[in-house]
Structures are given as structure tokens and as C-alpha cells.
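These are my notebook entries on one protein model.

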Amino acid sequence: MKIYNNPPVKDWGKIAKRPVFETEVIEERVKPVLKKVKDYGDIALKEFTLNFDGVEIDSFEVTDSEKENAASLISDELKQSIDIARANIEKFHQSQRSHFEVIETTPGVKCWQKNIPIQKVGLYIPGGTAPLFSTVLMLAIPAVIAGCEEIILCSPPNKEGRIHPAIIYSASLVGVTRIFKVGGAQAIAALGYGTESIPKTYKIFGPGNQYVTAAKQLLSKDGIAIDLPAGPSEVLVVADKTTNIEFAAADLLSQAEHGVDSQVILLTNNMDVLYDIQSAMNKQLAVLPRKEIAEKAIANSKAIVFEDFKESVDFINEYAPEHLIISTKNFEEYSANIVNAGSVFLGYYTPESAGDYASGTNHTLPTNGYAKAFSGVNLDAFVKKVTFQQISKEGLKNIGEAIQVMAENESLHAHKNAVTLRLNDVK
């Protein structure tokens, strides 16, 4: 980790920069994949699955027997853990239901808003070095609560042509409509354009590698909705003299092990604390199964000392982390001043891992500084807010003159006439 000691504001932009990847090169590799799937459908999917995943797939859809068999392939302990997570995620997202009322803005003018679920949503679930069955819960549960009619899930097959059983089990448990064995940019293309096997969906959700991320962003330029701009995982941990050193080290490593392109930031007001946490990270790292991945991520990461509280808060808001862990004595003072973060974890006993799995909050969050303008996935992500209005004769009389004057001053005379004709009718 590179160390910065009270860096001046002019250097913050450089420090806050995420690992740089050749975005244009990646997009140029992804574009032909999207086009081929759009043009050739399942034929293209089979070709890419053989080339990229090393397996021939005759039928992409997971069968009923595969769904039933998945339950027997995972432990009862895991099933119980998934049930606990499911219940908490359901409870938290149920609380996000909006209740709207009819507002009479002027006598005779009634306006209201209604939540209408997106009919068809596509969920992408990574299944490579870390099969993210937890993401199935995070995406499918709010989709079901919202009332989405079709929930289509894609996840890459292994060399035997199978999806991890925990992904299938979780998807079946929470109400995913159909599951398909296809991954990578080609899966995103299938969800966006549709193929003979995979239905076209109206909005695509889910994390993935750089190619999946590029595919989603390219599809968004083509008018297909995506959840949010999301890239490699990241965490910023705030520590002081009261912080448990081992806890902080584990929190940093928990994100570093996601992938070589992940970034972790340690922010503290004490240089000794910084060195102690680094030492603890090195010891914990030595025994991690994903040591090589975490080591490469740490090479892209930074440790920063800010002695001034306001500067530390300002830097956090400038960085806008995906995950923010405030493991300090004054965490409440920090949290009161945070305006840019995907998800915030407060106190000594609130690891980011809790939000990843079972506390109930959603772990699909904005990265790369997008937390300045984007929320993480929540119930609202699966619905459209449609407005309605009804105007009586009295209501049109009350606001008609204002509409006519405004329309005429914008030189939109047909707009004015639509009101004038009605006013003449109600005299």
C-alpha cells in the first residue's frame, strides 16, 4: 500500500483515482461479441461459451431436475444460512415499499404517482473464482417484492456445463423465473437483445468482470437499461487508536480478495495505527487461500493519514467509496457528515461482510466514485414511478389561463390550443 501523510487537497484527485484499465481496448473486444449475439442468437452463444468457458452447451436453460438436484448438492448448514439471509433481505426491502396518495394541487386538479414493476428483468450472477449466490438473493428478492413478472438469471457454466448448485438453489428458493447457463459479455447481450432461448429483458442487473461491465455500459448506450455503473469492488476503512487492529486488517483484505482490480483504502489519524494495521494485514494475508489475488489488489491500494477530522471527512466524500467502514470511537460524528458512499458500516462490530450476506441491506452498489450521484440497488430499481392526473372542468378553469399564457410565450401554439378548445367547451 502506498502511504500518504496529510496530503494537500490538490493531490486528492490523484489519490482517489481507481486502478486504470484500458477501457477502450476492452470495449473494442466486447463490441463484436454483442453484435454477433444480436445477429445470430443461440449459435453465437454456443460459440462463445465454447471459446470462453471451454464447454459445449446444447441447451442453455437449467432444467427442473437440475433445480431439484441442486438442493442435495449443498450442505444443510449453507441452506440454513441462506434462509437467514433471505429473511433479513426480504424484511429490509419490504420496508422500502412506497405509499402514494392523490394530491389535489388546485381545486379540480388531482395528481398521483403509482409504482409499476418492470415486467422483465435480467440478473447476471458471476460464477468464476467466486460463485456469488449471495447476489442472487440481493437482486431476485427485491425483484419479486416489486412484482416483476419475469426474472431471468444468467450465470456462466463450469467445465462440466453446470452452474454452481448454491446459485441454482438460491434462485429457485426466492422465485427466479428461468435460469440459463451462459456467462460473460455474451450473457449480457442475450439479456439485452434476446435470443431463441433467452428472453429479452427490459433492465439488466448484476456485477461482473471488466468485460461484463463494458457490455452493460455499451448496451446502455443502445437504449437498454442497466442497474448502475459498477466496476471493481472497493472499501475505505477509517481507523483510530481505539480500532481493533485485527478487525481493520480483515476488513481491508475482505475486499482485496474479490479481484486483482479491487481497491482498498485505509484512512487514519495516527501513523502508528497505520503501521500496525499493515503488519496485521501481512500476517492474515499469508494464510488466505486467495492470497495471490489479494496481494495484487493491495498493490493498487493506499493508506492515508489525516490528522484533521474535517479533511478526513472531505476526502471520504471526494473518494465516494462503494463500502465505507467507520471503525472509530467517534463513528457517529463521521457518519453525520458523510454524503457520498454506497453503503456505510458503523462501529467496531459491523464488518462489510455483514452487508455482503445477511444483515439485510443490498450489496449491489456504485463504485468508481459513482456514489456521488447513484444509489445502490433497492426496491425502487425494479419499479417505474408513473404519474397520473385527472382534471375536472373546474380544475381546467383554475389553471387553464396559466397554461395558455405559458404555452404562447414558448411559441407552442398547439399546446395552447389544446387548452383553449376545452375552455370554450366548458363555458
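**Entry 1: salt bridges**

I found Glu28 in a salt bridge with Lys31, with 3.1 Å between the closest N and O atoms. I counted a salt bridge where a side-chain nitrogen of Lys or Arg is within 4 Å of a carboxyl oxygen of Asp or Glu. The model is predicted, so I took local features only at pLDDT of at least 70 and side-chain atom pairs only at pLDDT 80 or more, while totals for chains, interfaces and linings use all residues. Residues are numbered from 1 along each chain as its sequence is written, and side-chain values use heavy atoms, with hydrogens and water left out.

Glu28 and Lys31 are three residues apart in helix α2 (residues 23-40), which means that about one helical turn separates them. Helices (H or I, at least four residues) and strands (E, at least two) are DSSP runs, numbered from the N terminus. I then checked how open the two residues are. Glu28 is partly exposed at 48% relative accessibility, and Lys31 is partly exposed at 38%. On this scale buried is under 20% relative accessible area, exposed is over 50%, and partly exposed is in between (1.4 Å probe, protein chains only).

Next I looked at Arg178, which forms a salt bridge with Glu61; their closest N and O atoms are 2.8 Å apart. Arg178 lies in strand β6 (residues 178-181) and Glu61 in the loop between α3 (42-53) and α4, so this pair ties together parts that are 117 residues apart in sequence. Arg178 is partly exposed, at 26% relative accessible area. Glu61 is also partly exposed, at 24%.

A further salt bridge joins the side chains of Asp380 and Lys385, at 3.3 Å from N to O. Asp380 has 35% relative accessibility and counts as partly exposed; Lys385, at 36%, counts as partly exposed. I also noted a network of salt bridges that links Asp83, Arg86 and Glu90. My search of the whole structure gave 16 salt bridges.

**Entry 2: cysteines**

How many disulfides does a search of the whole structure find? It finds zero, with a disulfide taken as a pair of cysteine sulfur atoms within 2.5 Å. Cys148 is in no disulfide, and the nearest cysteine sulfur to it, that of Cys154, is 16 Å away. Cys148 is buried at 9% relative accessibility, and Cys154 is buried at 0%.

**Entry 3: a nonpolar patch**

I found that Phe247, Tyr348 and Tyr349 make a nonpolar surface patch of about 340 Å². Patches are made of residues with over 30% relative accessible area and no salt bridge; like charges are joined within 9 Å and nonpolar side chains (Val, Leu, Ile, Met, Phe, Trp, Tyr) within 5 Å. Accessible areas come from the Shrake-Rupley method with a 1.4 Å probe, and for residues only the protein chains shown count as cover. I placed Tyr348 in the loop between β13 (343-346) and α15 (352-357).

**Entry 4: the second largest pocket**

I noted about 170 Å³ of space in the second largest pocket. A pocket is an open set of points on a 1 Å grid over the protein atoms alone, where a 1.4 Å probe fits, with protein on both sides within 12 Å along at least five of seven lines; lining residues have an atom within 4 Å of a point. The lining includes Ser65, Glu66, Asn158, Arg162 and His164. Helix α4 gives the largest share of this lining, four residues.

Notes: Points joined across faces, edges and corners; volume = space filled by probe spheres on them.
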